[in-house]
Amino acid sequence: MHDQPAIVTNDLTKVYGDTTAVDGLTLSIESGTVYGFLGPNGAGKTTTIRLLTALVAPTSGSGRVAGAPITDRASLIDHIGYLPESPPIREALTAREQLEYHGGLRDMDPAELEARIETLLERFDLAADADDRIVTYSKGMRQKTGLMQAIMHEPDVVFLDEPTSGLDPRAVRTVREAIAELAAGGTTVFLSTHILPVVEDVAETVGILADGQLVAEGPPDDLTNRVETGAESSLEDIFLEVTTDRDGEAGASDSVGGRDERCSPN
Ligand SMILES: Nc1ncnc2c1ncn2[C@@H]1O[C@H](COP(=O)(O)OP(=O)(O)OP(=O)(O)O)[C@@H](O)[C@H]1O
């Protein structure tokens, strides 16, 4: 696993009618790293994740995740975890029941499953609420339940779409620490978020998408050092610079950040 990139794509493209949601995306993401995936609304981030998790088929191009082709969901499924923006959890269940149900779907050994659930509930501060119905949970508690579900089978690669959305600062910190722990344990984390400080804190590499194209990529420090705005430069500066066109509208990719502008991740 460590000899090959965890995620590789080659010219990956997804077209919906007149919209090219993902446009010739070529990625190579090392195992055991956190990749921060940024982009304005509608840039194609969720579509990219749906391609990489075999939920939609590419129009053209190819990719592999944990060695499995992204067109082969059956091969891919054991290797990946996915926390979508709205986690697929059942309101009528308790968190414990939800996790048991999900582990059952994944054919996890029952004793191993129970131990794993206890560990996760403690880790995410949900042990005291684990036997209450999810319908009574706050947004943050639901988000944490979704995150536990995404990582409970210890996937090689986990895709997190806005994992800190709706969380209070303490819960954000828990999630940030969990992401760092996952990566330290060898899991590759593909993190899509609008919350730049979280990315700056945890990601080894950042990719910025605009109009379906990768317009900047590199370690956060390298990206921010490229912006000549003096001491105030930040990931927010680079984000705004590469996703803003000459008319000052977000989302264009043909001004500052053509593909040639990308930093090398190395
Ligand atoms: N199933 C679909 N059918 C048609 N168009 C779609 C579909 N899914 C996404 N799109 C379009 O593809 C483009 C990219 O959408 P996507 O949801 O991937 O962006 P995003 O970067 O995740 O946005 P956000 O940050 O707002 O979640 C948008 O123009 C969207 O309208």
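1. First, the ground rules. This is a predicted model, in which local features need pLDDT of at least 70 and side-chain atom pairs count only at pLDDT 80 or more, while totals for chains, interfaces and linings use all residues. Numbering starts from 1 along each chain as its sequence is written.

2. Overall, the protein chain has nine helices and 10 strands (DSSP runs numbered from the N terminus: H or I of at least four residues for helices, E of at least two for strands). Of its 266 residues, 45% count as buried, that is, with 20 or more other C-beta atoms within 10 Å of their own, C-beta atoms being placed from the backbone. Taking contacts with a separation of 6 or more, 67% come from residues 24 or more positions apart (a contact is two C-beta atoms, placed from the backbone, within 7 Å).

3. Now the ligand. Around it sit Y16, T19, A21, G39, N41, G42, A43, G44, K45, T46 and T47, where the criterion is a C-beta atom, placed from the backbone, within 6 Å. With three residues, α1 gives the most. By class the shell has three nonpolar, seven polar and one charged residues; here Ala, Val, Leu, Ile, Met, Phe, Trp, Tyr, Cys and Pro count as nonpolar, Asp, Glu, Lys and Arg as charged, and the others, Gly among them, as polar.

4. α1 also lies across β1 (7-16), β2 and β4, running at about 60° to β2 (axes are lines fitted to C-alpha atoms, for helices over the stretch in contact, and angles run from 0 to 180 degrees between N-to-C directions). The open sheet here has four strands, ordered β2-β1-β4-β5, with antiparallel pairing; strands pair if DSSP finds at least two bridges between them. β2 and β5 (68-69) are the edge strands with a single partner each, so one side of each has no neighbour in the sheet. Two bridges link β4 (residues 60-65) to β5, with R64 partnered by P69.

5. β9 is parallel to β3 (residues 34-38), over four bridges, and L38 has I208 as its bridge partner. With β10 (residues 213-218), β9 runs antiparallel over five bridges, V206 being partnered by G218. These two strands form a hairpin with two residues between them, and D211 in the turn has a positive phi of about 50°.

Conventions
Buried ≥ 20, exposed ≤ 12 C-beta atoms within 10 Å, placed from the backbone.
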